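The notes after it are grouped by topic.

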Amino acid sequence: MTTRAVCCFSALVVAGYSLFSQNQPVRKSTKQYIEEFREDAIREMHKDGIPASITLAQGIQESNSGNSPLAIYANNHFGIKCANNWNGQTYTQDDDTKDECFRKYETVFDSYADHSDFLKSRARYAILFQLPITDYKGWANGLKACGYATDPLYARRLIKIIEDNQLFNLDTIRPIPPELVASVENYFNKPENYAHKSAYQPKDEKYILPYAKREIELINSRKCIYTRTGETLDEISVEYGIDPRLLYRYNDLQTEKKSRFKPGMIIFLQPKRNKGIDEEHTVQPGETMYSISQKYGIKLKKLYKKNNLTPSTEVYPGMVLSLRKKKKT
């Protein structure tokens with residue numbers, strides 16, 4: 001092979017590898033997985049009594065921190081198979097036998113909810129719900145004994161994940177007792193409760209407000225809410241038990257932003273995505289890059305990058321923005 005042929009062949013290999021790499025999902029670290037789904041695990045704990053540490057550890061173990069094909073293509077983070085009573089979408093892959101049927105979900109949120117329902121609806125797991133919520137070792141060993149997985153080291157693996165990442169701390173988080181909060185609005189109208197969530201940490205217990213105080217929406221498969229009149233991001237962080245620094249990051253806001261919101265603004269409760277569902281958007285009067293990034297659930301810096309724009313660029317009505325692919329220069 002000539003030198004020129006070798007160069008051409010190498011260039012093709014590099015180009016092919018680059019194209020292949022671009023089509024691969026970005027791998028999550030275990031730390032990123034915990035940050036993204038810890039609130040889901042806590043809410044399911046409050047709803048159904050399964051330790052948040054166990055739910056997260058199973059999600060990490062079963063989905064390889066969200067990187068398994070089953071998690072990526074079916075949003076199935078717990079390896080739950082179809083069984084006879086499943087009427088939803090399905091995904092086929094080899095497991096204990098060839099071409100086994102697994103449940104497929106619209107969102108990861110649905111997978112977490114179904115995991116709770118799966119454990120609660122089967123008599124063989126009933127004994128686990130008699131254990132203390134903080135007994136993660138009992139739950140881990142019980143899941144293995146009740147036949148959740150065939151791996152003989154399954155319980156040991158869950159316990160290691162929990163202890164390596166100190167997930168047991170999540171099991172002590174409790175919702176505020178209902179008698180303390182008639183409604184979120186009245187709650188925040190009390191001066192002694194308004195400023196800081198430390199007012200809700202009596203003794204050594206941690207509290208977060210109950211989950212279903214307002215409807216949670218999905219935009220671009222990311223959970224979000226719509227603001228009420230006059231509330232701040234710090235107040236929302238108390239209501240949903242999410243560190244305000246994370247909410248600032250999820251919503252592309254500056255940490256010093258303390259202003260009160262107008263009603264109906266979109267606030268994301270988990271990180272936005274790198275691209276939208278729609279291919280493009282035509283800018284309407286009054287819209288900004290920020291409002292468009294919130295509308296479609298796209299990270300602001302990614303929206304700028306896809307359209308070869310800088311933060312100092314002003315958009316104008318009629319301008320067409322790409323939401324999925326980067327525009328050619």
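**Helix and strand packing**

The crossing of helix 6 and helix 7 is right-handed; a crossing is right-handed if the near helix is turned clockwise from the far one by less than a right angle, and left-handed if anticlockwise. This is a predicted model, in which local features need pLDDT of at least 70, side-chain atom pairs count only at pLDDT 80 or more, and totals for chains, interfaces and linings use all residues. Residues are numbered from 1 along each chain as its sequence is written, and side-chain values use heavy atoms, with hydrogens and water left out.

**Helix 6 and helix 7**

- Helix 6 (residues 136–145) packs on helix 7 (residues 154–164) at an angle of about 150°, with the axes 8 Å apart.
- Helix 6 is therefore roughly antiparallel to helix 7 (angles over 145 degrees, on a scale from 0 to 180).
- Residues in the contact (heavy atoms within 4.5 Å) include Ala140 and Leu143 of helix 6 and Leu158 and Ile162 of helix 7.

**Helix 3 and helix 5**

- Helix 3 (residues 52–63) and helix 5 (residues 108–120) pack at about 115°, and their axes are 12 Å apart.
- The two are therefore roughly perpendicular (65 to 115 degrees).
- Thr55, Leu56 and Gln58 of helix 3 meet Tyr112, His115 and Leu119 of helix 5.

**The strand pair**

- Strand 1 (residues 89–93) pairs with strand 2 (residues 100–104) in the antiparallel sense over five bridges; pairing needs at least two bridges found by DSSP.
- Threonine 92 has cysteine 101 in strand 2 as its bridge partner.
- Six residues lie between the strands of this hairpin, and aspartate 99 in the turn has a positive phi of about 55°.
- Helices (H or I, at least four residues) and strands (E, at least two) are DSSP runs, numbered from the N terminus.

How values were computed:
Angles under 35 degrees count as roughly parallel, over 145 as roughly antiparallel, 65 to 115 as roughly perpendicular and the rest as oblique.
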